[in-house]
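Please look over the sequence and the 3D structure shown below. The report that follows describes selected residues and how some of them are placed.

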Amino acid sequence: MSQRASIIPTDVDFVNFKKQCLSTENWVNKYDTMGRQVWVEVHPGKKKSQQPKIHKIKCKITIDDVAAATMYDVLHDGEYRKTWDSAMDESFDIARLSDNADVGYYSWKCPPPIKNRDVVTLRSWRVGDDEYLILNFSVKHPKYPPNKANVRAISILTGYYIQPTGPNSCLFTYLSQADPMGSLPKWAINKASQVLAPGVMARVHAAGKAYPEWKRQNSPGHKPWLHPEQSKLPMMDPAELSVQRADELEHVDETSIVDAQNGEESS
C-alpha cells in the first residue's frame, strides 16, 4: 500500500476482500454447528516454515431474524457498542479521511496477568445493492503512538461482508488476520481465535436483535456512516498515516509475568 497514491482502500481492495470471504479454496473448515462456521486459511504449496505464523480466520453465521442493514449499522455505531461489547476498554473515532473512511482507536481487556491490547486502525466501508462491506487494518498515527498501559496489537486485515438473504435475514461473514503481539505463543493465538470467534459472532447477532429498539431511543436519525454530512469528526490528510508493521513495534515480553503467575498457582 505504501507504493500507492493513497493509503485508503480502493475498489480493487474491496473486490479482493469479498473474494476471500466467498472463497472455499485453500480454506479448511474447523467448526460448523448451529448456523455458525469457522474456517482457517491454509497454504498447501508452502512448507511449514513459510506458512504465516498468525492464521487468517473466517467466521460465517446464518442470521434469520435480523436485516443485513441492521447488522451493518451495529458494526458502525460506536455508542451502541458500549452497551454490548464487554471486552472493550476504550474506543473512539479520531478523524475522517473521506466520506467512507476514518481512523480510530480501540483497546480491549485481557485476562490477568496478560496486559490489555490496543489498536489504531484505518476503517473503510462500502454499500452495494445487495452487500455491505467493512474492512480495517493497523496504521501509525502521529498523535496515538503505543503507550505503556497496553500492548499495541496489529490488524493485518479484519473485516465484515454482509449479504441480505431476505428482508429480515442475512449471511454475515467476519474475516480476520490479527496479531495481539507480546509474548503470547502463536499456536495459542491461532487456537484461541478459532474457539472465540463463534462466541463473538453470537454476541454481535444478539446485539443486532436489540439494536432497532435501542436506536429508536438514541438519536434514531444519526447515522454518519450512511450520511457523511452528519459527521462531526475533524478531517485528516490520509498522507499523515502509514501502515503499521509488526516488526516496527517494541517487543513486550510478558513471559516473566505469566511464569510468575504460574509459579504462585503451583506453590
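The model is a predicted one. Arg 96 is placed in strand E4, which covers residues 88-98. When its neighbours within four places in sequence are left aside, Arg 96 has contacts with Ala 101 and Asp 102, and also with Pro 228, Ser 231, Leu 233, Pro 234, Met 235 and Met 236.

## Aromatic rings

The structure contains nine aromatic pairs. One of them joins Tyr 80 and Tyr 211: the ring centres are 4.9 Å apart and the planes stand at 65°, so this pair is edge-to-face. An angle over 60 degrees is what places a pair in that class. Tyr 80 belongs to helix H3 (residues 78-84) and Tyr 211 to helix H4 (residues 186-217), so the pair ties together parts that lie 131 residues apart in sequence.

Are these two tyrosines buried or exposed? Tyr 80 is buried, at a relative accessible area of 4%. Tyr 211 is also buried, at 2%.

Tyr 211 has another ring partner, Trp 214. Their centres are 6.1 Å apart and their planes are at 25°, so this pair is stacked. Tyr 211 and Trp 214 are three residues apart in helix H4, which means that about one helical turn separates them. As a general point, an α-helix has 3.6 residues a turn, so residues three or four places apart point the same way. Together, Tyr 80, Tyr 211 and Trp 214 make up one aromatic cluster.

The charged end of Lys 58 sits over the ring of Trp 27, at 4.0 Å from the ring centre.

## Helix H2 against helix H4

Two packed helices are described by the angle between their axes and the distance between the axes. For helix H2 (residues 68-76) and H4, the angle is about 105° and the axes are 9 Å apart. H2 and H4 are therefore roughly perpendicular to each other.

Which residues make the contact? From H2 they are Thr 70, Met 71, Asp 73, Val 74 and Leu 75, and from H4 they are Val 204, His 205, Ala 207, Gly 208, Tyr 211 and Pro 212. By type, the residues of this contact are seven nonpolar, three polar and one charged.

Eight of the nine residues of H2 are buried, so the helix is largely enclosed by the rest of the structure. The buried residues in H2 are Ala 68, Thr 70, Met 71, Tyr 72, Asp 73, Val 74, Leu 75 and His 76.

## Residues in loops

Ala 67 lies in the loop between strand E3 (57-63) and H2. Neighbours within four places in sequence aside, Ala 67 is in contact with Pro 167, Asn 168, Ser 169 and Cys 170. From Ala 67 to Ser 176 there are 109 residues in sequence and 23 Å in space, C-alpha to C-alpha.

Gly 45 lies in the loop between E2 and E3. Gly 45 and Tyr 174 are 129 residues apart in sequence, and their C-alpha atoms are 25 Å apart in space.

Most residues other than glycine have a negative phi. Met 34, though not a glycine, has a positive phi of about 55°. Met 34 lies in the loop between strand E1 (27-33) and strand E2 (36-41). Ser 219 likewise has a positive phi, near 45°, and is a residue other than glycine. Ser 219 lies in the loop between H4 and strand E11 (242-243).

| Residue | Relative accessibility | Class |
|---|---|---|
| Ala 67 | 16% | buried |
| Met 34 | 69% | exposed |
| Ser 219 | 48% | partly exposed |
| Gly 45 | 78% | exposed |

The cut-offs explain the classes: buried means under 20% relative accessible area and exposed means over 50%, with partly exposed in between. Ala 67, at 16%, is therefore buried, while Ser 219, at 48%, counts as partly exposed.

Methods. Residues numbered from 1 in each chain as written. Predicted model: local features only at pLDDT ≥ 70, side-chain atom pairs only at ≥ 80, totals over all residues. Heavy atoms only, no water. Phe/Tyr/Trp six-rings, centres within 6.5 Å; stacked < 30°, edge-to-face > 60°. Helix = DSSP H or I, 4+ residues; strand = E, 2+ residues; numbered from the N terminus. Buried < 20%, exposed > 50% of the residue type's maximum accessible area, 1.4 Å probe, protein only. Lys NZ or Arg CZ within 6 Å of the ring centre and 35° of its normal. Axes fitted to C-alpha atoms, helices over the stretch in contact; angles between N-to-C directions. Parallel < 35°, antiparallel > 145°, perpendicular 65-115°, else oblique. Contact = heavy atoms within 4.5 Å. Nonpolar A, V, L, I, M, F, W, Y, C, P; charged D, E, K, R; others polar.
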